[in-house]
Amino acid sequence: MEYTFPRVSPSAFSLQNRQDMGKEKTVLWRAIFFEVWGETEMKNVPADMEGFLSHQPWWRTRVPTEIIRSREGVGELLRRLERENRNPFFVVDSVLLNQPVFASLLGQKALYLFDASASEPKTGDVDTVVSMVKSASKAHDVVVGIGGGATMDLAKAVGICLANPGPAQTYQGYGLDMKKGADIWVLPTLSGTGAEITPIAVLRGPEKKLGINNPYTAPSVAVIDPGLTSGVRKYNRFFTLMDCYFHHYEIVNSRTSSEDAVSDARDGLSLSRNILMSGVGEFRMDNAVRSAMASILGGSSTIGGRVGAAHAVSYGLSNSGPALPHSVAVTISMLALRELYPEGYEDTVSFLRGNGMEVPKAGDFGIGAKDVEKMTKTALGMEKLWQSCFGDRWKERATEEYIREIYERIVSL
Ligand code: NAD
Ligand code: ZN
C-alpha cells in the first residue's frame, strides 16, 4: 500500500490568519492545502514493510553510511557480522532485555548494557566502555550500537575514542584532530534522532552537554528494521518524533543549510508532521515505516544542514537539567519561540494536544530562575545555531538580552 504525502514548504504552511480560525477550520484548511499543493509532493510513501523494502532511496544527501533495510534486523546484523568475520563489541539498551526479538543479541559475550532510561550517555560511560573493549584479549574491530539515540551515540563515541588516548570529555566539540577508531554499526530500536547516520555523538560531560563532532563518529553500517520499535512506550515514541520534526523544521528554516539538506528536511518535515497529526499512540507498522524514513532524512539533512534557535535554547536547559531528555528540552524551547517560529509553535501545541500529552515544563525538571544566567551563557555560545537561524547578522538578533528573556519566560511557566 502506498500513500502520497505532501512536502511542506515553510512559506506555504505559514498561516498569517491561522490564529483567527477555529480548530476545525484549521484542520479543513490543512486538508485543502494538502490536496491542492500537488507539485512538491513526496510520492509513493510506503505504508507497510513490503513498500519500505522496495522503495527507492528517498534521501538526496550523500551519506557515508550503508543503509540496509530489513524485516528481520537482528538476524541480518548477526549474519553480516559473521559473513565478514568480524569481532564485534555490542552496546545495547538494557530495556531490550525483556523483548524476545532481541534474545539472540543478549547471548553475546562482548556486551555492555546501557540503561538509557536512567540518563543520556555521559563522557564517563564512554571511558568505562572504552577500557572494557581495550581489555579484551582479541581486538574488537566493530562497535555495534543497538537502541535509541542515546545508546547509538554511546557506541559511536566508544568507536572513535578507542583510537584516541584522551578521556572522552576532551573530544567534545568541533573540528578536533582525531584518528579513526573501530568501525561503528547501528541497529536503531527507536526512530527519530537520525543518530543512525549523523557524524555526531552527543554526550553529557562534567562541564557541558556537547557532541563529539567528527566524520569518524558516523556509523558505517545502519540496519533499519522499523518493526524493532514495537516495544517503545508512547511517551518516547512521541517525544523522539517531536525531535525529528524539530530537526526538519529548523533545517527548512535555516539560512546556512545546503540545498540538498533543505530538500531532505522538507520531506522529513512532511513525514514527521503527518505522523504526529495522525496520532502517535499504539504501535502501527505504517507509522513505524514512515518514522524510520523521517529519521533517516533527519540524519541525512544534518550532514549539510544545521538546526537553529530551538536547539540552541535546548542546550542551555539540558545543561541545567541533568534528567531532562533532549527531545523534551527542544519541545519546551519551541513553546517559548512563538514569535520566531510561529508554525513550529502552533504545530507543537497541536501535536501535544492531539496526542493527549501534557505540556512539559522546565520546573518539572528542577530548572528555575536560579539557572537563567547559566543557561543564557550556554545558549549564547551556540554560535553556529544562531547563525543558522538568523544568517550572517545573527549577533544583532541573538543578543544576551534576547536569550535571557526567552529563559525568563520558560522558567515563569
Ligand atoms: P533514548 O535513546 O534516550 O531512548 C528513550 C527511551 O526509550 C529509553 O528509556 C529507552 O530505553 C527506550 N527505548 C529505546 N528503544 C526501545 C524499544 N525498542 N522498546 C522499548 N523502549 C525503548 O531516546 P532517543 O530520543 O532516541 O535519543 C535521545 C538521545 O539522542 C539524546 O541523548 C540526544 O542528545 C541524542 N541525539 C543525538 C543525535 C545525533 O545526531 N547523534 C540527534 C538527536 C538526539
Ligand atoms: Zn534534537
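1. Which helices and strands each supply at least two residues of the shell around ligand 1? Keep in mind while looking that this is a predicted model. The elements to pick out are helices α6 (149-161), α7 (234-252) and α11 (326-335), plus strand β9 (200-204). Of these, α6 gives the most, with 4 residues.

2. Now zoom in on the ligand itself. There are 30 residues around ligand 1, and the ones that come nearest are S117, G148, G149, A150 and G231.

3. Domain 1 (2-45 + 231-304) and domain 2 (72-224) each put in at least three residues.

4. On to a helix pair, α8 (residues 259-278) and α9 (residues 285-304). Their axes sit 8 Å apart and the packing angle is about 155°. Angles over 145 degrees count as roughly antiparallel, so that is how α8 runs relative to α9. The crossing of α8 past α9 is left-handed.

5. If you want to browse that contact residue by residue, start on the α8 side with D260, A261, D264, A265, D267, G268, L271, S272 and I275. Across from them, α9 brings N287, R290, S291, M293, A294, L297, G298, S300, S301, I303 and G304. Sorted by class, the residues of this α8 and α9 contact come out as 8 nonpolar, 8 polar and 4 charged.

Methods: Residues numbered from 1 in each chain as written. Chains lettered and ligands numbered in written order. Predicted model: local features only at pLDDT ≥ 70, side-chain atom pairs only at ≥ 80, totals over all residues. Axes fitted to C-alpha atoms, helices over the stretch in contact; angles between N-to-C directions. Parallel < 35°, antiparallel > 145°, perpendicular 65-115°, else oblique. Left-handed = near helix turned anticlockwise from the far one by under 90°. Contact = placed C-beta atoms within 7 Å. Nonpolar A, V, L, I, M, F, W, Y, C, P; charged D, E, K, R; others polar. Near = placed C-beta within 6 Å. Domains from an automatic or database assignment.
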